[in-house]
Amino acid sequence: MRTPRARTAAAACVLLALSAPSAAANSGTGTGTGNIVVAPAVTTRDEPVTVTVHAASCRTGSASSPAFGETRLTPQSDGAGGHATPAVARDVAPGSYDITVTCEDGRSVTRTAAFTVINGAVRGGDGPAPSEGASTADLVIGGLMVASALIGGVVLWLRGEGREDLPAG
């Protein structure tokens, strides 16, 4: 009787392990590749994003993107790079955007798909505007919720499975 339960528990662990990287990759804390970090990873129009470059030669360079144009980097207090907080343009289309950083020594690096702009610009402080369907972030969150529910159901089923073998009394 223990073999089917062990296989089911192993399958639940595999499902949990497969869903964890998606949750970490899509969290709102920011994404980065190489020395460029962008936070938040998902934003709306007319909202700021923070671009941080971790390289001593990029303290006063520039960062540019089709979503916000070009902006100057300000040196970080620890001297390990620069940062900027540009606002996403009000009229930018939803989608993923690259960021190109040009360092003070002339080198440039592009972070492809550095952040994503979604529908839902704030109008007059009344909250987000209605969007046209589910965004990628909505689909990922929904998928994670379904996976969590399935894993929870499997765990509850496994806990109840062993009770049939106990004597009444």
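# A tour by selection

Start by selecting Cys58, which is buried, with a relative accessible area of 1%. Buried here means under 20% relative accessible area, exposed means over 50%, and partly exposed lies in between (1.4 Å probe, protein chains only). The model is predicted, so local features need pLDDT of at least 70 and side-chain atom pairs count only at pLDDT 80 or more, while totals for chains, interfaces and linings use all residues. Residues are numbered from 1 along each chain as its sequence is written, and side-chain values use heavy atoms, with hydrogens and water left out.

**Stop 1: the disulfide**

Cys58 is in the loop between β4 (50-53) and β5 (62-65), and Cys103 is in the loop between β9 (95-102) and β10 (108-118), so the bond ties together parts 45 residues apart in sequence. The strands named here are DSSP runs (E, at least two residues; helices are H or I, at least four), numbered from the N terminus. Cys103 is also buried, at 8% relative accessible area. The structure holds one disulfide. A disulfide is a covalent bond between the sulfur atoms of two cysteines.

**Stop 2: the salt bridges**

How many salt bridges does a search of the whole structure find? It finds two. A salt bridge is a side-chain nitrogen of Lys or Arg within 4 Å of a carboxyl oxygen of Asp or Glu.

Select Arg90 and Asp46, whose side chains meet in a salt bridge at 3.2 Å, N to O. This pair links distant parts of the chain: Arg90 is in the loop between β8 (82-84) and β9, Asp46 in the loop between β3 (42-44) and β4, and they are 44 residues apart. Arg90 is exposed at 63% relative accessibility, and Asp46 is partly exposed at 38%.

Next select Asp105 and Arg107, which form a salt bridge at 2.9 Å, N to O. Asp105 is partly exposed, at 44%, and Arg107 is partly exposed too, at 46%.

**Stop 3: the aromatic rings**

The structure holds two aromatic pairs. Select Phe68 and Phe115: their ring centres are 6.3 Å apart and their planes lie at 20°, so this pair is stacked. Phe68 sits in the loop between β5 and β6 (69-72) and Phe115 in strand β10, 47 residues apart. Rings of Phe, Tyr and Trp (its six-membered ring) pair if their centres lie within 6.5 Å; planes under 30 degrees apart count as stacked, over 60 as edge-to-face and the rest as tilted. Are these two residues buried or exposed? Phe68 is buried at 12%, and Phe115 is buried at 1%.

**Stop 4**

Select Ser62, in strand β5. Ser62 is buried, at 7% relative accessibility. Its bridge partner in β6 is Arg72. Strands β5 and β6 run antiparallel and are joined by four bridges; two strands pair if DSSP finds at least two bridges between them. A hairpin connects β5 to β6 through three residues.

The side chains of Ser62 and Glu70 are joined by a polar contact of 3.2 Å. A polar contact is a pair of N or O atoms within 3.5 Å; within protein, one must be able to donate a hydrogen and the other to accept it, and residues adjacent in sequence count only if both atoms are side-chain atoms.

Which residues is Ser62 in contact with, leaving aside its neighbours within four places in sequence? They are Glu70, Thr71, Arg72, Leu73, Thr100, Val101 and Thr102, where contact means heavy atoms within 4.5 Å.

Terms used
A disulfide is a pair of cysteine sulfur atoms within 2.5 Å.
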